Amino acid sequence: SIDRRVMTFAVAFAAVTAGFLGFLTVFVASTPHIPTGLTAVALAGAVYVALWVLYQMLFFTLSGATAGMLYARIALCTFDDQNPSRATLRRRLAAWWVSFLPLGIGFLWSFVDEDNLCWHDRITRMYQREY
């Protein structure tokens, strides 16, 4: 359901944001000349995106599900009702960016899709099921 997907994203967002704030605290405390202006915003954005990718890659590679998916009791399943391989899960991460980058249209697609699937679900031929 969409409610569980939103819960999954909220947990992931909270975890990555907490990691980012921890990184930012250590960086500011240990740097004599803190960058400002657009340079600071660009660096902060790059670090946040890197942490997001690292979060997804680590969880999909090591456990096959993110912390948010475990909390929401969601697992990924292929359209053939098989468990996805780790390589397929990594491809899903790339497809996730395809859904996200055009202003999130790939995620909004789930509201008009007959099965409530996003673009990355269709691209990787996977869906999230509750357990």
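Analyst: In this predicted model there are zero disulfides, a disulfide being a pair of cysteine sulfur atoms within 2.5 Å. The sulfur of Cys77 has its closest cysteine sulfur in Cys118, and because these lie 16 Å apart, they are too far from each other for a bond. Cys118 is accordingly in no disulfide, with the sulfur of Cys77 as its nearest cysteine sulfur. Cys77 is buried, at a relative accessible area of 0%, and Cys118 also counts as buried, at 4%; here buried means under 20% relative accessible area, exposed over 50%, and partly exposed in between, with a 1.4 Å probe and protein chains only.

Turning to the backbone, most residues other than glycine have a negative phi. Arg73, which is not a glycine, has a positive phi of about 60 degrees; Arg73 is found in the loop between helix H3 (67-72) and strand S1 (74-78), and counts as partly exposed at 43% relative accessibility. Asn116 likewise has a positive phi, near 60 degrees, and lies in the loop between helix H5 (105-108) and helix H6 (119-124), where Asn116 is partly exposed at 35% relative accessibility. Helices (H or I, at least four residues) and strands (E, at least two) are DSSP runs, numbered from the N terminus.

Residues are numbered from 1 along each chain as its sequence is written, and side-chain values use heavy atoms, leaving out hydrogens and water. As the model is predicted, local features need pLDDT of at least 70 and side-chain atom pairs count only at pLDDT 80 or more, whereas totals for chains, interfaces and linings use all residues.
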